[in-house]
Amino acid sequence: MARDPLADPQPLIRQLYAYVAYVLGDGPDAEDVTSETFERALRYRASYDPGKGAPIAWLIGIARRCIAPHLAARRELATPAAIDEARAQGPDLSDRTVTKLAVRQAVAALSERDQELVALRFGSDLTCRQIGELLGLKTNSVEVALHRALARLEAALAEEGTAVRNRPQDRYSRVTTDTD
Amino acid sequence: MHLPSWRNRKKIEDLVRGARPAPSRELEDRLSQMVGRNPAPRAGMRRSVVALSFTVLVLAGLAAGGGVGYAGHLVSASFVTLKVHVLDIQTKQVPSVRRYSAAISQYGGGGGGGGGGGTTTTTQTTTTTQTVTSTTTTTEVSVTSSGTVTGSPSTDDTIDGAAGVDNITVVDLGGDNTIHLQGSGNTVTTGAGNDNISLTGDGDQTLNAGAGDNNIHVTGTGTHTITTGAGDSAIRVYGGTNTINAKGPGSSDIKVTGGTGTITVGPGGSTIFTKKGTAYTINVWNGSKDVVNCNNAKDTVTYDKGVDKLIKCGNATLHPKAPKS
């Protein structure tokens, strides 16, 4: 084996989970898919070819096969959005938490295609080129599709009341610098 | 469609990145440990294969050049050498048990003279009577041969069975324990507490988990018997012939993505998910609302008619019963 794709698993776990959770929703299903992906990755790690992409891209290729049955089940078991439940809890939740939930709900409301693009780009930090290789698209097409997906996301957020346009700058910096 | 300006786009990107879901600490630890326990095959293996191939080629060349007898002598000599090496390895295969504690982790095993470093290793002399008992402190036990491990009933223990080590019996009747066994033929019994149990070897496994919110993963093939007590346990099974009894009250979350067998849950409202291609006999006839997702598998489901929710059970054989009172 030229290089062990799982030599440094921690960042891979976080990136993979973020991708899966953006597609399936944060929770046990995302944990299951992440676990299943790593189990398969361990089984097939000898087949990893660094020439074909970074380890995270390889892992996501495996994860996409694991996600399919969960996606079907999720459609059947769609539950009311967590944001409403979170809001019902009132002032106990910080603005940051509500914003996070609103963003996640807005991502979940996107089409499957848009969700996947957003999850790959902003969940797993893949480049547009890597996404293109994974999905069989040209880099330019990915960039355009992502731009449109973000436009739809912005519209959904505005509808939800998490307006992007008129919010003070400091609020964004707070959101983006805080960690979980 | 309105497209965002580049400035707004940056803000949205930051929002989406900031809202990125993060895995739980438990998941991160479990997966990191799983990867750590399964190191990548060493490149030396490939080099050995190349060297062996080269040797064979040289010998073949010698044989073709007329030095058949000489080549034959070389071959027999290398077999003798190989024999010696195998015997050497066998004499080194002494089963051992490693015990860790917080003090050992921090200050090392202390091999005398203040040298520090390393861990204390207790070497067992037999393979069948190994017993490790921790009574007062939290203990991490690495089991490297068959036997019985008895954990402390009052502390949270971590018990690891190495790959290839079979027939381990673990009895840990208290605490929130983490038990990971990679061999087969294991029997695990736990008491009250939220245990993390993962059995990953191919072969038979028996698990009796006591009350608590247990997290159970059984990934290999073989015959598995999994029993849980009261509590909200999460059970994941990936293959084999399974008997899963979660009859205690509680909301179990059971997901089977391979194998066959039976699944029975008690009152409390459980969720069962099977994968297409599996064929389980599922009994959720318990009077409370359970959700069964057959995923178009050929399961046989006995359920409370009008109470339980069945999803994609079109290929299942259904036995509706009136709800239990």
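This is a predicted model: local features need pLDDT of at least 70, side-chain atom pairs count only at pLDDT 80 or more; totals for chains, interfaces and linings use all residues.
View 1. Strand S5 (residues 147-150) of chain B runs parallel to strand S7 (residues 168-174) of chain B, and four bridges join them. Strands pair if DSSP finds at least two bridges between them. Thr150(B) sits opposite Val171(B) of S7(B). S7(B) also pairs with strand S9 (residues 186-192) of chain B, again in the parallel sense, over five bridges. Here Thr169(B) faces Thr187(B) of S9(B). In a regular strand, side chains alternate between the two faces of the sheet. Residues are numbered from 1 along each chain as its sequence is written, while chains are lettered from A and ligands numbered from 1 in the order in which they are written. Helices (H or I, at least four residues) and strands (E, at least two) are DSSP runs, numbered from the N terminus.

**View 2. Two asparagines of chain B with positive phi.** Asn167(B) is not a glycine, yet its phi is positive, about 55°. The residue is found in the loop between strand S6 (158-161) and S7 of chain B. Asn167(B) is partly exposed, with 18 other C-beta atoms within 10 Å. A residue counts as buried with 20 or more other C-beta atoms within 10 Å of its own, as exposed with 12 or fewer, and as partly exposed in between; C-beta atoms are placed from the backbone. Asn296(B) also has a positive phi, near 65°. Its loop lies between strand S20 (291-293) and strand S21 (300-304) of chain B. Asn296(B) is partly exposed, with 18 other C-beta atoms within 10 Å.

**View 3. The contact between chains A and B.** Chain B gives 40 residues and chain A gives 45 residues. Residues are in contact if their C-beta atoms, placed from the backbone, lie within 7 Å. On the side of chain B that touches chain A, the elements giving two or more residues are helix H1 (6-18), helix H2 (25-37), strand S14 (234-237) and strand S16 (253-256) of chain B. H1(B) supplies the largest share of that side, ten residues. By class, the side of chain B that touches chain A holds 20 nonpolar, eight polar and twelve charged residues. Ala, Val, Leu, Ile, Met, Phe, Trp, Tyr, Cys and Pro count as nonpolar, Asp, Glu, Lys and Arg as charged, and the others, Gly among them, as polar.

**View 4. Helix H2 of chain A against H2 of chain B.** The axes of helix H2 (residues 28-44) of chain A and H2(B) come within 11 Å and cross at roughly 10°. H2(A) is therefore roughly parallel to H2(B) (angles under 35 degrees count as roughly parallel). Axes are lines fitted to C-alpha atoms, for helices over the stretch in contact, and angles run from 0 to 180 degrees between N-to-C directions. H2(A) contributes Glu31(A), Thr34(A), Ser35(A), Phe38(A) and Leu42(A), and H2(B) contributes Leu27(B), Leu31(B), Met34(B) and Val35(B). The residues of this contact divide into six nonpolar, two polar and one charged.

**View 5. Helix H7 within chain A.** Chain A has nine helices and zero strands. Of its 180 residues, 39% count as buried. In helix H7 (residues 128-135) of chain A, the residues Cys128(A), Gln130(A) and Ile131(A) are buried. They cover an arc of only 160° around the axis, so they lie on the same side of H7(A). The arc is that of the directions from the helix axis to the C-beta atoms. Gly136(A) follows H7(A), with a positive phi near 75°.

Conventions: Two residues are in contact if their C-beta atoms, placed from the backbone, lie within 7 Å. Angles under 35 degrees count as roughly parallel, over 145 as roughly antiparallel, 65 to 115 as roughly perpendicular and the rest as oblique.
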